[in-house]
Amino acid sequence: MRVQTRSTALAASLVLALTAGPLAAPAFAAATPARASAPAAPSAPTSTGPDAGALRAAIAGLPDADATAALVRVGGTDGVWRGSAGVHDLASGRAADPDARFRAGSTTKVVTAAAVLKLAAQGRIDLDRPVQQYLPGMFTPAFQPITVRQLLNHTSGIPEGDGWGNSFEAQYAHRFDTLTPQQVVRSAVAKGPEFAPGTRQDYLNINYTVLGLLIEKVTGRSYASVAERLVLRPAGMRDTYFPGTDPRIRGPHNHGYQKVTKADGTTEFLDVTEWNQADRFAAGDMISTTADLERLLTSLFRGRIVPPGPQLEEMFTVPANIEGATYSAGLQRFAYEGRVYWVKSGSRYGYSAAIAGTRDLSRTLVYSVGATDAKGVDTNPVAERIVLAALTRG
């Protein structure tokens, strides 16, 4: 398999579905060489399997301007490759921990969707029932009935809720403060509907924030405890948890950084490892590892979390009546080089992560990149190289 530089809209769209944000170079400590493990038996590589050389090249030279570390797992029946590069932290320069925990961002939505669908399979949630009936008083009369399914596939029409501000500086100033999910939902509802439910698809965190509150109302337990019981434990995700208002990352982890330009024009890298993510809630506050996200992907696709049947099919069903729709329940559909991948990316300041896999699990990808502009609008070059090396077929 040979990886090329591609300018086609297809490749660009694939990368944008899985990545976020670049920037230009400072002087870093000496780069830590990429480290790769041997392919794990019994997955014998084939001619269409992962290209170890291309993958090593994709993460070589870290830390650099765009990322301080990269942790990568390529798997599936085609073959296996694992590698890491970069540093644990910029101060010490010691090698990045390949088993480290990190902020998994919106990959949390896969867990949330799976929990809702499992409750639906148990008869405790009806996907066609309006959420207003489960959560009376949450929405104003301005909102038409919104079904649980429309929350899952981002066709609800609820606008985004407010945070601490739109800029990094505004959010950084409040990184240890708590903004509750209820406050976020109230701010969204106050704006009125963005569009009539089921008429458009707009990917927004607010849909999954409401789903987290729905889970709590139906079960009478916290979102974190339900997600752990219904999803994390069945998948064997022992290093994954939901921090709530705790700003720390418990256990082994690599530090995350955000590049900022100071008033005098010089560059500074702020350590953003500690950050209260309570407002992300069921939409994005999960802390995980690449191994655990790989377990989530494979367990889910094999029907070990949501039982095979109509509920699991929701994760592989994109609304047919909405032009340009690509999101299903918790995932996003993408066709690339003759394969259909189901993907989900996520980012928090300092960390960018993604999962991707074919339905038959012939090829899977999980990565965590210590992106220095994880919430930027452009594509992170390191993540881009990883995606193209992992998914491009020879």
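This is a predicted model: local features need pLDDT of at least 70, side-chain atom pairs count only at pLDDT 80 or more; totals for chains, interfaces and linings use all residues.
Colleague: How many salt bridges does the count come to?
Modeller: Side chains of opposite charge can pair when their charged atoms come close. Here a pair counts if a side-chain nitrogen of Lys or Arg is within 4 Å of a carboxyl oxygen of Asp or Glu. By this rule the total is 14.

Colleague: In the salt bridge of arginine 94 and aspartate 89, is aspartate 89 buried or exposed?
Modeller: The two side chains meet at 3.9 Å, N to O. Arginine 94 has 47% relative accessibility, so it counts as partly exposed. Buried means under 20%. Aspartate 89 has 9%, so it counts as buried.

Colleague: How many residues apart in sequence are the parts that arginine 101 and aspartate 239 tie together?
Modeller: These side chains form a salt bridge at 3.5 Å, N to O. Arginine 101 lies in the loop between β3 and β4, and aspartate 239 in the loop between α9 and β5, so the parts tied together are apart in sequence by 138 residues.

Colleague: Which helix holds arginine 149, the partner of aspartate 128?
Modeller: Their side chains meet in a salt bridge of 2.3 Å, N to O. Aspartate 128 sits in the loop between α3 and α4, 21 residues apart from arginine 149, which is in helix α5.

Colleague: What covers the buried residues of α7?
Modeller: Helix α7 spans residues 181-189, and its buried residues include Pro181, Val184 and Val185. Ser187, Ala188 and Val189 are also among the buried ones. The cover over them includes α8 and α10.

Notes:
Residues are numbered from 1 along each chain as its sequence is written. Side-chain values use heavy atoms; hydrogens and water are left out. Buried means under 20% relative accessible area, exposed over 50%, partly exposed in between (1.4 Å probe, protein chains only). Helices (H or I, at least four residues) and strands (E, at least two) are DSSP runs, numbered from the N terminus. Contact means heavy atoms within 4.5 Å.
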